[in-house]
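Trainee: I would like a close look at one part of this model, and then a walk through whatever else can be said about it. Please keep it plain.

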Amino acid sequence: MLAHFSLLVFLVAINARRTWEEVKKIDKKIWLLLLVIFLYGFWVRNAQYWLGPHTDGYVAQESAHLWVLHGQFVKSCALGTHADCQLFEQVLAPPGFPFLIALAHLVFGIHSLNASVISAILSSLTILLAFLIAYLVFKKEEAGLYAALVFSLIPLNIINSQSGEARPAGLFFAGLALLLFILAQKNGRPAVWLAWLASLSYAIYIRQESYVLVPFFLFFLLVFNWPRIKSWFLSLLSGRPDFKGLFMVASFALFFIILQLPVLHWLLFNNPYSTYQGGKIGFLALSLKTAALPAWAFFLQFFNLSPLGSGIWHYDLLVSLVFLAAAALLFSYWKEKEHWLPWGFFGAYFLVYCMLFDGNISGTGALTGDYYRRSLMFHLPMAIIAGWGFYSFNPMKGRRFLALNLLLVFLAAASFNVISYFPFSKPGGALSYFSGRMVSREQISSVYFPGVIFQDARADKKGDRSLIYPPQDYWMAIGRIPNGCLIITSQHIVVTSDYFKDNRRQTASLSLVNDETEHLFLREVKKNECLVYIGDRLCSDPLFADRGCRFLRDNLEKKELLFTQGLLSVYKMKVK
């Protein structure tokens, strides 16, 4: 990973001059406005740092922590503490993002907020990518500014970028690959092509579903270079083929394959998803039969609607409407092949998420709330397309009104959701707008105008419950449990967090108890005098009824109720 990342940095650095040649003619006023947009986007993304959503936000952080301490790339410590871990939980993905966090640990010291800082910074830099890509695709500086502004304002992106989630980092490298692809098409320099392949490869190391970008880029390579490809085949038929061009293509392909060997090994041999869909591997598990429901859910989500019947607030309605309306513009410029790039980027991820995830991976087609966070990869192309829409629909295109136009779009986009707050929902209904039980006007406003920066909000983050995981109750409960106790819980990672000063609490994660590990858990609970169980809904889930919950029933019993914290009940336990 060090060699791969170092090569990527080197290739991007040596191509910085060529990138500048493409953008140096941009007016200074445009750069100044872009700086203002970037600083705003940086502010809201670095206002608060926390861990979430689901387990995505802290899995990479814990993997990097244990990688540095124990030299093992694992998901978490499921029994013990970081310093004295007796049972590791295996990781489920390639190590692209944990490697970046591990570098930060080695340079700045181990701290759980390193992951959040990295995802926030890379997401902030993606604002610049949105500007550059939109400018190069549509050849309009103003469209680039609108795209940067739209990306800086997407609520779901702001919230997740604060959390240490891997997708904001993955989107940065995927966007970098798109930018370098456009530059390579423009000047054809081998160094730019190599930088494109290295960035694409690293994007895959961060989020393995980014493999969908491979056929996407191959398709546009054919579209943009079809006359040259056709000419080469004609020269082949005439008996005078250009082997130099063929050699270059083969060399680039070999370069990419070499970079991808570790992740290909994971995909083909260590991929945990290969057990689903009758043993199919990776993207071979794509299901067309059950893609309609996730597709419908993703579409509704852009307008803050959900077929799950629970209120959400993740997108700006004005931006979503402009994004949809901009689709009509594409057909008026259908001969401009570059205009199709952001739509192809969007469509590639949309296709793979609809077919591969949210119930489709197991073949059931059942819909879960997981599609909320997975749609982060749509945000860059969505911002580029909506930015082009804001520019095209604007009747005042003169540079004289540009700053005013951007300010009006900012105020309209930032305030529209607050003004149009409708606190109603239909329990169990097919559709519902976000409910007052989930968020308030003040919480919506705080996303756009946080009032703080660089705040540690791990234990007191408020907002949409579908994003906050674990809830505040867990942090508060752990803080009340005596230091040095062994805490039996489903939320094993929180216990080992460095949020608590001089933390000596140990973890016993029920989700990792099985026939092979049960003796380790039994030995550990028997030697600890302070045993505490945080009771939640885990043991009501049939998935765990015969594993950790069985161990809990067979070997431990409740001694007394120590306290309750929200929906949690904390018990002192003893061995039977």
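Trainee: How much space lies in the second largest cavity?

Mentor: This is a predicted model, and in it about 60 Å³ of space lies in the second largest cavity. The structure holds four cavities of 30 Å³ or more.

The residues that line the second largest cavity are F138, A326, L329, L330, Y333, H339, W343, I385 and W388. Two elements, helix 14 (317-332) and helix 17 (379-393), each supply at least two residues of this lining. Helix 14 provides the largest share, three residues. Sorted by class, the lining of the second largest cavity has eight nonpolar residues, one polar residue and no charged ones.

Helix 11 gives the most, with eleven residues. By class, the lining of the second largest pocket divides into 20 nonpolar, five polar and three charged residues.

M396, F401, L404, L407, L408 and L411 make a nonpolar surface patch of about 500 Å². One of them, L408, has its place in helix 18 (residues 402-419).

Now turn to the charged side chains. Over the whole structure, a search finds 13 salt bridges. One of them joins E89 and K75, whose closest N and O atoms are 3.5 Å apart. E89 lies in strand 3 (residues 85-89), while K75 lies in the loop between helix 4 (56-70) and strand 2 (76-80), so this pair ties together parts that are 14 residues apart in sequence. Both E89 and K75 are buried.

Another salt bridge brings together the side chains of D498 and R458, at 2.7 Å from N to O. This pair links distant parts of the chain, 40 residues apart: D498 is in the loop between helix 21 (492-495) and strand 6 (506-509), and R458 is in the loop between strand 4 (455-456) and helix 20 (472-480). The two partners fall into separate classes of accessibility. D498 counts as partly exposed because its relative accessibility is 29%. R458, at 5% relative accessibility, counts as buried, because buried means under 20%.

K574 and E557 form a further salt bridge, with 3.7 Å between the closest N and O atoms. K574 belongs to strand 9 (residues 568-575) and E557 to strand 8 (residues 556-565), so the pair ties together parts that are 17 residues apart in sequence. K574 is partly exposed, at 39% relative accessibility. E557 is partly exposed too, with a relative accessible area of 33%.

Salt bridges can also be linked to one another. E165, R167, R207 and E209 are joined in a network of them.

To return to your question, the second largest cavity has about 60 Å³ of space, and no charged residue is part of its lining.

Key: Residues are numbered from 1 along each chain as its sequence is written. This is a predicted model: local features need pLDDT of at least 70, side-chain atom pairs count only at pLDDT 80 or more; totals for chains, interfaces and linings use all residues. Side-chain values use heavy atoms; hydrogens and water are left out. A salt bridge is a side-chain nitrogen of Lys or Arg within 4 Å of a carboxyl oxygen of Asp or Glu. Helices (H or I, at least four residues) and strands (E, at least two) are DSSP runs, numbered from the N terminus. Buried means under 20% relative accessible area, exposed over 50%, partly exposed in between (1.4 Å probe, protein chains only). Ala, Val, Leu, Ile, Met, Phe, Trp, Tyr, Cys and Pro count as nonpolar, Asp, Glu, Lys and Arg as charged, and the others, Gly among them, as polar. Patches are made of residues with over 30% relative accessible area and no salt bridge: like charges are joined within 9 Å, nonpolar side chains (Val, Leu, Ile, Met, Phe, Trp, Tyr) within 5 Å. Accessible areas come from the Shrake-Rupley method with a 1.4 Å probe; for residues, only the protein chains shown count as cover. On a 1 Å grid over the protein atoms alone, a cavity is a set of points where a 1.4 Å probe fits but cannot get out, and a pocket is an open set with protein on both sides within 12 Å along at least five of seven lines; lining residues have an atom within 4 Å of a point. Grid points are joined across faces, edges and corners, and a volume is the space filled by probe spheres set on the points.
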